[in-house]
Every structure is written in C-alpha cells, then in structure tokens.
Amino acid sequence: MDAVLSVAAVILVVLGLLVLTIAVLGIYRMPDVYMEIQATAKGAALGIVALALAALLLGDGPTIARAILIVVFLLITAPLSSHALVRAAYRDDEPMYRGDEEDASGSSG
Amino acid sequence: MDTLIDVALVWLVVLLGVCAVRVVSARSTVSRILALETLVLVLIGLLVLFSASRNVSYFLDAAFMLAILGFVATLAAARWWGRGRVFG
C-alpha cells in the first residue's frame, strides 16, 4: 500500500512538473496575448493541482485538508482570473494573431 | 523519492527565473500581468512540493495565502488596466 502511494506520488510530481513547464513555455512561444493566456491559465493551475495531489498522497491529516483547500480554490479562481485578463487585453485593443504568414505548404491561415 | 523531490525543487526554481525574465521582457502590460501571475503559481507549486518533502503542513498555509493574494492582485490589475477602475 505504501509502495503504491509513493509510486503514484512520483508519477503526479513528474506530471505536475511537465505541465508547469509547458505552461511557462507557452508564454514564450505563443504569438499573441490571448493564446499566451489560454496556454498558461490551464497549464499552471493543473500543474499545481497535480503537485498538491502528490502532497495529499504523502501527507498526514492537516496536509490533506490544506491540499484539498488549495486544489478547490485554484480550480475555481484560475478561469476567473484568466477571463479578467482576456477582457483587459481586449479592451486595451491588443492585436490578435491573424495567422496570415505562409507556411511550408504555401497556403495561408 | 528524496532525490526526485530535490531535482523537482531545483527545476521549479529554474521555472521561477524564466518567469521573472518574462516579467521584465514582456511586450505588453497584459502579458506582464500574466507573467507575474504565472510566477506566483510556480511559487505556490514550490511551496506545495517543499511541504510534501519536509512533511510539515504550514507551508501549505503560505501557499494558500499566496494563491488568494495572486488571484486578487491579478483581478485588480486586469480590471484597472482594462476599464480604468477596479470596482464597479
């Protein structure tokens, strides 16, 4: 039972790190602000949820309660803050990526 | 297990540095707010992992307060930049 728990915790930690890395990479690679927000909003929150679940598997009573609190709070607030950010970007007339550069196939869009 | 968590902590600190670079070099203000929010989220992940490795729960209190602060700060900054006032 203990071995199963720690294997699951290892998998969750690696998964959380991977998703967090993708989220941070998304800020750099995406062509406009809206895509950056959609890459980060999901990625960062889900990565931390995976890490918190790992802490939940490894920890005792108080740790479990606090980890559940953090998971619920993040799952509620991550969409709200990304929505507010997108609205701010839209009202600020941030340029949208049109995708009109030609790719290797020669077609646009 | 301990080695994995140590490597994970170092990796999260690297991600923290990458986010800090982005805060400075962002193209627009919204992008900068987003980078700051991501930085706070990576810091929360660091605290959660630290609490799991040391088996103490009070780092999770700090992580939760940081989550609340980051959410309110992002909301206030986005509303201020988007419509010129925070409330209403």
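L46(B) counts as buried because it has 23 C-beta neighbours inside 10 Å. The cut-offs are these: a residue is buried if 20 or more other C-beta atoms lie within 10 Å of its own, exposed if 12 or fewer, and partly exposed in between, with C-beta atoms placed from the backbone. This is a predicted model: local features need pLDDT of at least 70, side-chain atom pairs count only at pLDDT 80 or more, and totals for chains, interfaces and linings use all residues. Residues are numbered from 1 along each chain as its sequence is written, while chains are lettered from A and ligands numbered from 1 in the order in which they are written.

Stay with L46(B) for a moment. It sits in helix α2 of chain B. Helices are DSSP runs (H or I, at least four residues), as are strands (E, at least two), numbered from the N terminus. Leaving out residues up to four places away in sequence, L46(B) touches L9(B) and L12(B). Contact here requires C-beta atoms, placed from the backbone, within 7 Å. V10(B) is 36 residues from L46(B) along the chain, yet their C-alpha atoms are separated by 9.3 Å.

Now turn to chain A. It has three helices and zero strands. Its C-alpha trace spans about 55 × 35 × 15 Å along the principal axes. Of its 109 residues, 43% are buried. Among its contacts between residues at least 6 apart in sequence, 62% join residues at least 24 apart.

Next comes the core. The largest nonpolar core has 62 residues. Such a core is a set of buried Ala, Val, Leu, Ile, Met, Phe, Trp, Tyr and Cys residues joined through C-beta atoms within 7 Å. Chain A supplies at least two residues from each of α1 (2-29), α2 (33-58) and α3 (61-91), and chain B does likewise from α1 (2-25), α2 (29-54) and α3 (58-83). The largest share, 17 residues, comes from α2(A). Residues with the most contacts inside the core include I48(A), A54(A) and V48(B). Beyond its neighbours within four places in sequence, A54(A) contacts A9(A), L12(A), V13(A), G16(A) and A52(B).

Finally, look at α3(A) and α3(B). Their axes come within 9 Å and cross at roughly 10 degrees. Axes are lines fitted to C-alpha atoms, for helices over the stretch in contact, with angles from 0 to 180 degrees between N-to-C directions. α3(A) and α3(B) are therefore roughly parallel to each other, a label for angles under 35 degrees. The residues of this contact divide into 16 nonpolar, five polar and six charged. Ala, Val, Leu, Ile, Met, Phe, Trp, Tyr, Cys and Pro count as nonpolar, Asp, Glu, Lys and Arg as charged, and the others, Gly among them, as polar.

Conventions
Two residues are in contact if their C-beta atoms, placed from the backbone, lie within 7 Å. Angles under 35 degrees count as roughly parallel, over 145 as roughly antiparallel, 65 to 115 as roughly perpendicular and the rest as oblique.
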